[in-house]
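Subject: Structure handover

Hello,

Here is the structure we spoke about.

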Amino acid sequence: SNMTRASRKREAEAAAKKDDDERADDDTATNNTATDQPKKKKASTAGNNVIDVTEIDNGANSGVRIDSSSADSVRSEGTGTGTADEDEDEETEALVSAAFGSDKADLDEKDEDSNLADVEPEVGMEIDFRDPDYIWSSGRIVGVKSTPKSKAAKKQVTVQYDGWPPDWNEVITWPSVRIAKLFTYTKRVRCFAEGIIPKKAPPKKKALEGTGRTVVTCTLWPCTVRFRMPHPAHFGRAEELLRLEPNVFVQPFAPETLPQDILCTIENNNGAWLHNGRLRLWKNENALEALGTLHPSFEFAYKLGQDDTSTPGKLPPRAMEVGSLLNSAYRVFKVGGEAINGRLYTGECADPKPTVPKFASSTSKASSDRKLRSEEAKAKAKAEATANAEA
């Protein structure tokens, strides 16, 4: 009947609408699932061995607190633990990738060569090693293995980054454009570091008996600091990652003389990662007295640093731009490295250029001209006075 056909039509339309709604729900669920998939956590450029210190603002980086609890989460792939550090790293990676792209090792290198192509690799050899983010770090070869004999026999080397545990070793074919002579790009200079020696409970300042004056207990220690470098040809992403990382790797002189608890921390990684705000300029021997009361072994460590011919350079003033990125005056902008003071591969930073005030040259010239005119006027007046006297 007409009523039956109408009823069936309504049922069919209702069933079709239900199918459409279910398909729409399925599409929505699929889209939400894709959106909610966890992002891959970026490889952090922080160190694995960080001394617990509270930082102050040094004019380039805001103060942060870094402790050893963060060691397990740095430079690692995310495992879905959902920590605050991972969320921050994911946000950082998203910002960097948006600006510079997410692909890391896809850039053209056909015009680059390794400056170690004619050198045989050896265990213990110190080198510069470039990571997938185009950041050069210092490291050393910890293993050499020859490939099976063939027409193009090559060697495989295992490289360990300075400051990183063996978990992050890489195996790579020798030679490679990712391997360069030590200090082709990276820097290593002498400095004083605050944070190696822990501050004790007594006040930092104490009264000097019989004088009414106070002396300062010095918590500095002689160290070398290593600076990583963005690759000169592909520097955008590398520079940004270094700006975001405030820690630098330091190695104290005479570490065996340090307190046992600090020594154990340092021995784990041959050094420690410190906030760049803890670095201080290296001082001449006649300026040490102004530092205050020194650690009993300070002078011994300082003497080792003074005699260290493998590290001729000193920390320059205003070394950092932001984070762990060196100021442009001290960076390397040429593939293959740049000579400093006429020498290559020393790890030194270039001498800082003197600051020239604006309009200094014109001001100096005007002052010189005024002085010359004044002298000429005086000479003329003297000559006239002599002539009048003779007359």
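Predicted model: local features only at pLDDT ≥ 70, side-chain atom pairs only at ≥ 80, totals over all residues.

Residues are numbered from 1 along each chain as its sequence is written, and side-chain values use heavy atoms, with hydrogens and water left out.

Aromatic pairs

The structure holds 11 aromatic pairs. Rings of Phe, Tyr and Trp (for Trp, the six-membered ring) pair if their centres lie within 6.5 Å; planes under 30 degrees apart are stacked, over 60 edge-to-face, and the rest tilted.

One of the pairs is Phe192 with Trp282, which is tilted, at 5.1 Å centre to centre and 45° between the planes. Phe192 lies in strand 8 (residues 187–194) and Trp282 in the loop between strand 15 (279–280) and helix 5 (298–306), so this pair ties together parts 90 residues apart in sequence. Helices (H or I, at least four residues) and strands (E, at least two) are DSSP runs, numbered from the N terminus. Phe192 is buried at a relative accessible area of 0%, and Trp282 is buried at 8%. Buried means under 20% relative accessible area, exposed over 50%, and partly exposed in between (1.4 Å probe, protein chains only).

Trp221 and Phe298 form an edge-to-face pair, with 6.3 Å between centres and 90° between the planes. Trp221 belongs to strand 11 (residues 220–227) and Phe298 to helix 5, so the pair links parts that are 77 residues apart in sequence. Both Trp221 and Phe298 are buried.

Arg190 lies over the face of Trp282, 5.3 Å from the ring centre; the rule asks for NZ of Lys or CZ of Arg within 6 Å of the ring centre and within 35 degrees of the ring normal.

Cysteines

The count of disulfides is zero, a disulfide being a pair of cysteine sulfur atoms within 2.5 Å. Cys218 is buried, with a relative accessible area of 8%, and Cys349 is buried, at 8% relative accessibility.

Helix 4

In helix 4 (residues 260–267), Ile262, Leu263 and Ile266 are buried. Down the helix axis, the buried residues fall within an arc of 100°, so they line one face of helix 4; the arc is taken from the directions from the axis to the C-beta atoms. These buried residues pack against strand 13 (247–252), where contact means heavy atoms within 4.5 Å.

Regards
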